[in-house]
Amino acid sequence: MPFLSFEAFSERTAHFDALAAQTAGIDVFCSSSDWILPANEALMPSRTPWIWEGDSSFVALARGVHEDGWTYLQPLESMWLLGSPFVSAEPDLGATEIVELLNSEGDWHVLMLAGMTMDSPLLHAMLRQMASSYRFYMGPVTRRFVADLRGGLDSYLGRRSRNFRKGLRRSIRSCEAAGIELECLDDVVGDELEASFERLMAIEAKSWKGRLGEGVNEGPMRDFYALMLPRLRARGALRLSLARLDEQDIGFIVGGVAGTTYRGLQFSFDQAFELLGIGNYMQWQQIQALMAEGITDYDLGTEVEYKRRWGEHGLETGLLTIAPT
């Protein structure tokens, strides 16, 4: 069965992403080419593409060789393991194709499968067909916090704690009194997008993470976002705003849209303005804009304590390590 190169896969991403959007039980945004290709290029070591397109499914894996000599297959993005390497709109047919591929191409010893929920129809169909020939080992579960935006502002705030609402009101008042304005850059293109990206990185350098040398303005993480943002913009999925005060950039919030879900990527601000509550203010402005757009879910990403205040428990996906018997 012929495999695709990374270049050939790049030409077929529209089909891959369309199948991902129709695959039940996966993290659609982090399974999309907008996430996995930048991650593969910027964050992962050199590996061989193990990418295959079937009639009912698509496989996006990479093949590596362990220092002890055994080979492994893993998702293109294997830093956080958020995306599914298998997509199919028809679980039973897709599972049959994928299992036949895994059986026929026996040049691997371990498969890392992530980005799928435990009740994924595609995963269940695959496991049924693989049960007699493979061993399965469960790894950790990855949880996201997701804010439900369906009921409007009153419903959203009604699910937040009293202290949260009080703190949010304080942040809104202080930012409005200071005269902070948000500049929407969703539609920037070409050189303007590159210039906007540099503005983000300059803000990040002044954040607490940037000042510690842990920000996304340096190294592979900078490359990851530099590759991702133009892809999001190309399909109209980029959501980017900069906070400005006295003609100075002091904060940003950026994410991407997949269907009716907004995936938050980064928000950051100049630490000198921390006491204004600018982080809360940008989040609140973003939520209002998303509701006006008709977005129903704000995926805040994987578990970090502050996200618990803004959202509820959302998608849970597991890591499954598979090996032939």
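**Pockets, cavities and cores**

Reply: The second largest pocket has a volume of about 370 Å³, a volume being the space filled by probe spheres set on grid points joined across faces, edges and corners. Among the 16 residues of its lining, D27, V28, F29, A258 and T261 are the closest to the centre. The model is a predicted one, in which local features need pLDDT of at least 70 and side-chain atom pairs count only at pLDDT 80 or more, while totals for chains, interfaces and linings use all residues. Residues are numbered from 1 along each chain as its sequence is written, and side-chain values use heavy atoms, with hydrogens and water left out.

Me: What makes a space a pocket or a cavity?

Reply: On a 1 Å grid over the protein atoms alone, a cavity is a set of points where a 1.4 Å probe fits but cannot get out, whereas a pocket is an open set with protein on both sides within 12 Å along at least five of seven lines; lining residues have an atom within 4 Å of a point. Two cavities of 30 Å³ or more are found in the structure. The largest cavity holds about 40 Å³ of space, and the largest pocket about 1300 Å³.

Me: Which residues line the largest cavity, and how do they divide by class?

Reply: The lining consists of F197, L200, M201, V216, Y225, L229, F252, V254 and Q266. Ala, Val, Leu, Ile, Met, Phe, Trp, Tyr, Cys and Pro count as nonpolar, Asp, Glu, Lys and Arg as charged, and the others, Gly among them, as polar. The division is therefore eight nonpolar, one polar and no charged.

Me: Which element gives the largest share of the lining of the largest pocket?

Reply: That element is β10 (261-269), with eight residues; strands (E, at least two residues) and helices (H or I, at least four) are DSSP runs, numbered from the N terminus. The lining has 48 residues in total, and K209, F267, V304, Y306 and K307 lie nearest the centre of the pocket. By class, 23 are nonpolar, 16 polar and nine charged.

Me: Why is L111 called buried?

Reply: Buried means under 20% relative accessible area, exposed over 50%, and partly exposed in between, with a 1.4 Å probe and protein chains only. L111 has a relative accessible area of 0%, so this residue is buried. L111 lies in strand β5 and touches L61, L73, F86, L102, L320, T321 and I322, not counting residues up to four places away in sequence; contact means heavy atoms within 4.5 Å.

Me: How do you know that the buried residues of α6 line one face of the helix?

Reply: In α6 (residues 121-130), the buried residues are L122, L123, A125, M126 and M130. Seen down the helix axis, they fall within an arc of 165°, so they line one face; the arc is that of the directions from the axis to the C-beta atoms. These residues pack against β4 (86-87), α5 (91-104), β5 (110-116), β6 (134-148) and β12 (312-324).

Me: What makes a set of residues a nonpolar core?

Reply: A nonpolar core is a set of buried Ala, Val, Leu, Ile, Met, Phe, Trp, Tyr and Cys residues joined through side-chain atoms within 4.5 Å. The largest has 67 residues, of which F9, W35, L76, F86, L102, F224 and Y225 touch the most other members. A second, separate core of 28 residues includes I250, Y262, I287 and M291.
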